[in-house]
Amino acid sequence: MAIFKGAGVAIVTPFDEKLNVNYEKLGELIDYQIENSTDSIIICGTTGESSTLTEKEHMECIRYTVDKVAGRVPVIAGTGSNCTQTAIELSDDARRAGADGLLLVTPYYNKATQKGLVQHFTMIAKAVDLPIILYNVPGRTGCNLMPSTVAELFQNVDNIVGIKEASGNISQVVELMHRTKGEIDLYSGNDDQVVPLLSLGGIGVISVLSNILPRQTHDIVADFLKGDIKKSLETQLKLIPLIEALFCEVNPIPVKKALNLMGFQVGSLRSPLTEMEEANAERLMKAMKDCGIAVV
């Protein structure tokens with residue numbers, strides 16, 4: 001059984017004026033998401049600036065989210081690392097905190113061979129009895145999780161159940177679904193490719209866009225899965241200019257700007273990320289207004 005179907009939000013981590021985690025604001029964002037039909041909360045992912053959170057902050061964010069969500073939707077904890085032992089420790093802490101599943105990115109910087117990836121993910125999965133979604137985003141990690149490797153893991157490790165595919169390579173996704181006989185839980189990791197991946201047997205998206213348009217992102221998936229493909233596609237295509245604006249600078253710079261423009265006051269970004277360039281911010285604001293989003 002899938003951890004979730006639909007649109008899961010890769011939620012931002014809000015900071016206060018001193019760049020400490022703002023848990024009260026995180027709670028507001030969680031409630032806003034659930035009230036607007038988000039199907040899952042993904043905490044401490046790339047969009048949550050996990051790379052600049054301390055391990056203590058990382059775990060406090062996961063524990064807070066599990067407690068705040070209180071079973072209303074599944075909580076998936078990002079616990080990947082380029083160190084296998086660190087990933088095991090984070091994953092076990094997330095299990096004890098009550099997370100419903102894990103999102104594990106491929107090792108970055110040191111990368112790994114495909115054999116090393118099999119070893120890395122297998123060791124984590126055997127150490128922690130939670131369902132696992134692999135995360136393939138070679139544009140950020142420099143490491144591509146190949147379809148044959150995913151199939152090997154999926155077929156041989158019981159609690160590896162899904163993949164967030166953000167390679168952008170549709171042909172690779174086709175091969176992946178062929179090798180897994182369409183049985184792996186496929187989630188789009190790119191907001192501009194939700195409908196294409198659903199057409200290949202996907203069951204949802206782990207989304208940046210959901211931070212600002214949770215209901216519409218949910219509807220793209222829900223409409224497709226209930227058979228209204230035309231409506232799903234219309235929504236997907238309508239939102240393309242906004243999606244492009246959300247990725248005109250490195251994520252999560254634009255989405256935090258968007259949330260601040262909406263009045264959520266999620267704060268700034270931790271270095272080395274910086275505030276959005278003025279021209280790009282104007283582009284983002286226009287795209288938001290064109291989608292009917294009120295800007296303050």
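Helices here are DSSP runs of H or I with at least four residues, and strands are runs of E with at least two, both numbered from the N terminus. The coordinates are a predicted model, in which local features need pLDDT of at least 70, side-chain atom pairs count only at pLDDT 80 or more, and totals for chains, interfaces and linings use all residues. Residues are numbered from 1 along each chain as its sequence is written, and side-chain values use heavy atoms, with hydrogens and water left out.

**Stop one: α3 and its charged residues**

Select helix α3, residues 84-97, and show the side chains of Asp93 and Arg96, which are three residues apart and so separated by about one helical turn. An α-helix has 3.6 residues a turn, so residues three or four places apart point the same way. Asp93 and Arg96 form a salt bridge (a side-chain nitrogen of Lys or Arg within 4 Å of a carboxyl oxygen of Asp or Glu), and their closest N and O atoms are 2.2 Å apart. Asp93 is partly exposed at 24% relative accessible area, whereas Arg96 is exposed at 55%; buried means under 20%, exposed over 50% and partly exposed in between, with a 1.4 Å probe and protein chains only.

**Stop two: from α3 to α4**

On the α3 side, the contact (heavy atoms within 4.5 Å) is made by Thr84, Ala87, Ile88 and Ser91, and on the α4 side by His120, Met123, Ile124 and Ala127. These residues divide into five nonpolar, three polar and no charged, counting Ala, Val, Leu, Ile, Met, Phe, Trp, Tyr, Cys and Pro as nonpolar, Asp, Glu, Lys and Arg as charged, and the others, Gly among them, as polar.

**Stop three: from α4 to α6**

By class, the contact of α4 with α6 has four nonpolar, three polar and one charged residues.

**Stop four: α12 and its neighbours**

Move to α12, residues 253-261, where seven of the nine residues are buried, among them Ile253, Val255 and Lys256. To see what covers them, display α11 (240-246) and α13 (278-290), against which the buried residues of α12 pack. After α12 comes Gly263, whose phi is positive, near 95 degrees.

**Stop five: two further salt bridges**

Within α13, select Asp290 and Lys286, which lie four residues apart, about one turn of the helix, and form a salt bridge with closest N and O atoms 2.8 Å apart. Asp290 counts as exposed at 53% relative accessibility, and Lys286 counts as exposed at 53%. Finish at Lys25 and Glu28 in α1, residues 23-35, where the closest N and O atoms of the salt bridge are 3.0 Å apart; Lys25 is buried at 11% relative accessible area, whereas Glu28 is partly exposed at 36%.
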